[in-house]
Amino acid sequence: MKNILRISFSISFAAMAMLLLPGCKKFLEREPLGRYTLDDLGASSIESQVFAMYAGLRTEGMSGIKFIAVHSIRSDDADKGSIPSDNLAAETFFDEFNYTKDFWLLNDYWGDHYRLIKLTNDVIDAVEKLDNPNAAEIVNRAEAKFLRAYAYFNLVRAFGQVPKIDFLVENVEDGNKPKATVDEIYALIDADLQEAAANLPPSWEPRFIGRTTKWAAKALQAKTFITRSNWSGALAAAKEVIGSNAYSLHTPYVQLFSETGENSAESIFEIQAFYSATQDFGIQYAEVQGVRGSGVWDLGFGWNTPTQDLADAFEPNDPRKNATIMPNNSPDPYGVNGVITSQSQFNKLYYNRKTYTNPNVRNTIGGGNPRKGRWMNLRVIRYADVLLWAAEAANELGGTQNVTDALTWLELVRNRARQGAPAGTLPAVTTTDKDQLRAAIRHERRVEFGMENERFYDLVRWGTAQEVFNALGKNYQPRNRYLPIPQPEIDKSNGVLIQNPDYQ
């Protein structure tokens with residue numbers, strides 16, 4: 001596992017000027033990374049604000065329960081989970097698409113994204129006020145542009161039209177803006193990612209693992225393009241990442257989601273977390289999805305549970321099924337704690353294996369409450385993402401070479417998945433028929449990224465969401481692709497911010 005600099009910042013704006021606190025290695029490494037001061041961080045004078053910006057990724061709206069509700073529970077891969085008495089309103093809202101205008105998970109998702117945008121704008125403004133920013137400061141601005149683009153990409157997919165705040169907010173009134181169009185938000189995203197890709201380094205030294213790179217910007221470009229069916233733009237950006245030879249699928253699939261699989265050769269953008277008996281710079285992602293039981297099985301909230309529909313989607317003997325879905329009442333995958341045992345009133349069949357913490361690691365944490373799993377990183381973009389975006393775009397564009405490339409990229413993903421499986425598992429896809437290959441790529445995306453927060457938005461961009469959800473008995477309507485603007489935000493705006501038309 002690679003070294004990771006851990007910097008602690010309070011999310012409150014009043015604390016953003018704090019000096020950097022001691023950094024340390026990931027918990028699996030024994031030697032301390034050491035203590036860093038601003039003098040150790042290079043020539044940039046903006047670094048403290050930059051690390052505060054990365055700390056903004058650790059809020060619940062960016063990597064915790066609110067993020068999971070919006071990105072995963074709405075999909076056909078997941079149910080809200082937990083016990084019936086645990087926030088039934090969330091199940092009605094996210095599982096059944098009965099949206100309301102004032103709901104805590106929705107409100108905080110919005111707020112945490114705009115808090116991150118505020119932090120990115122602080123960095124961008126600080127650099128732009130310098131007479132002659134040095135190379136390190138230009139990189140800092142590029143980091144901020146990437147994270148701002150990421151936050152706005154989440155918001156525009158979730159809400160459609162949202163306020164465009166691309167400047168320093170010094171007074172509350174300055175940030176009270178009407179909604180911008182979807183095209184205007186995407187224009188900002190495109191410009192931010194173009195600058196980020198042009199100025200970010202291709203990699204960082206080990207102590208700064210987790211900071212965004214040129215290839216992360218290119219990968220996010222591909223994702224934003226493919227969301228808009230800009231096939232040529234998506235293919236070009238994805239091919240740059242592939243051609244960089246910076247990433248590989250060498251890490252076994254099941255290992256990707258363990259503690260030892262963090263920041264692997266496949267990781268392009270990953271939200272970093274750290275937790276120990278004395279320091280909590282963690283994220284809520286694994287805790288939300290942990291087994292809801294007692295004793296050694298008191299591991300979390302039991303939210304975001306895989307559906308039978310997802311379980312049935314895997315081809316015979318696909319090893320990714322066992323790496324994604326952990327049946328209730330099945331043996332502990334690590335062979336340590338016997339049989340998985342959740343609360344008796346928990347009526348769900350499965351848990352998310354990709355967020356299951358190693359019990360041997362839990363036992364080494366010490367202090368506090370090691371069930372939390374707050375040390376687990378969140379994988380946001382993997383190399384397999386890029387390969388399948390490239391395959392999808394190439395197939396949609398058509399032509400002999402594009403189809404050949406699409407089959408090659410699809411096979412790379414399937415070949416890694418079938419390792420260690422019986423002969424004949426996951427046979428290579430050979431069809432050159434556009435519709436059949438499209439279906440094969442879409443299937444591959446579902447099983448490769450099961451429970452990784454991608455499925456809902458894939459269904460929306462493919463135009464198949466209503467068909468899929470209605471077949472499952474869910475009352476999904478086209479308007480449900482977007483969430484209502486949180487009513488408290490509208491109320492605070494004094495009429496400047498207006499509700500999405502479908503929810504007025």
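This is a predicted model: local features need pLDDT of at least 70, side-chain atom pairs count only at pLDDT 80 or more; totals for chains, interfaces and linings use all residues.
How many of the 15 residues of α14 are buried?

**Figure 1. Helix α14, residues 383–397.** Of the 15 residues of α14, 14 are buried, which means that this helix is largely enclosed by the rest of the structure. Here a residue counts as buried if its relative accessible area is under 20%. From its first C-alpha to its last, α14 reaches 21 Å, close to the 21 Å expected at 1.5 Å a residue.

**Figure 2. Strand β4, residues 267–271, and its pairing with strand β10.** Five of the five residues of β4 are buried, so this strand is also largely enclosed by the rest of the structure. β4 and β10 (residues 378–382) run antiparallel and are joined by four bridges. In one of these pairings, Ser267 has Arg382 of β10 as its bridge partner.

**Figure 3. The largest pocket, with about 750 Å³ of space.** The lining of this pocket consists of 24 residues, and those closest to its centre are Tyr114, Val172, Gly175, Glu489 and Lys492. Rolling a probe the size of a water molecule over the atoms shows where such empty space is left.

**Figure 4. The lining of the largest pocket, by element and by class.** Helices α5 (104–128) and α19 (487–492) each supply at least two residues of the lining. The largest share, eight residues, comes from α5. By class, the lining of the largest pocket holds nine nonpolar, seven polar and eight charged residues.

How values were computed
Residues are numbered from 1 along each chain as its sequence is written. Side-chain values use heavy atoms; hydrogens and water are left out. On a 1 Å grid over the protein atoms alone, a cavity is a set of points where a 1.4 Å probe fits but cannot get out, and a pocket is an open set with protein on both sides within 12 Å along at least five of seven lines; lining residues have an atom within 4 Å of a point. Grid points are joined across faces, edges and corners, and a volume is the space filled by probe spheres set on the points. Ala, Val, Leu, Ile, Met, Phe, Trp, Tyr, Cys and Pro count as nonpolar, Asp, Glu, Lys and Arg as charged, and the others, Gly among them, as polar. The expected span of a helix is 1.5 Å times one less than its number of residues. Buried means under 20% relative accessible area, exposed over 50%, partly exposed in between (1.4 Å probe, protein chains only). Two strands pair if DSSP finds at least two bridges between them.
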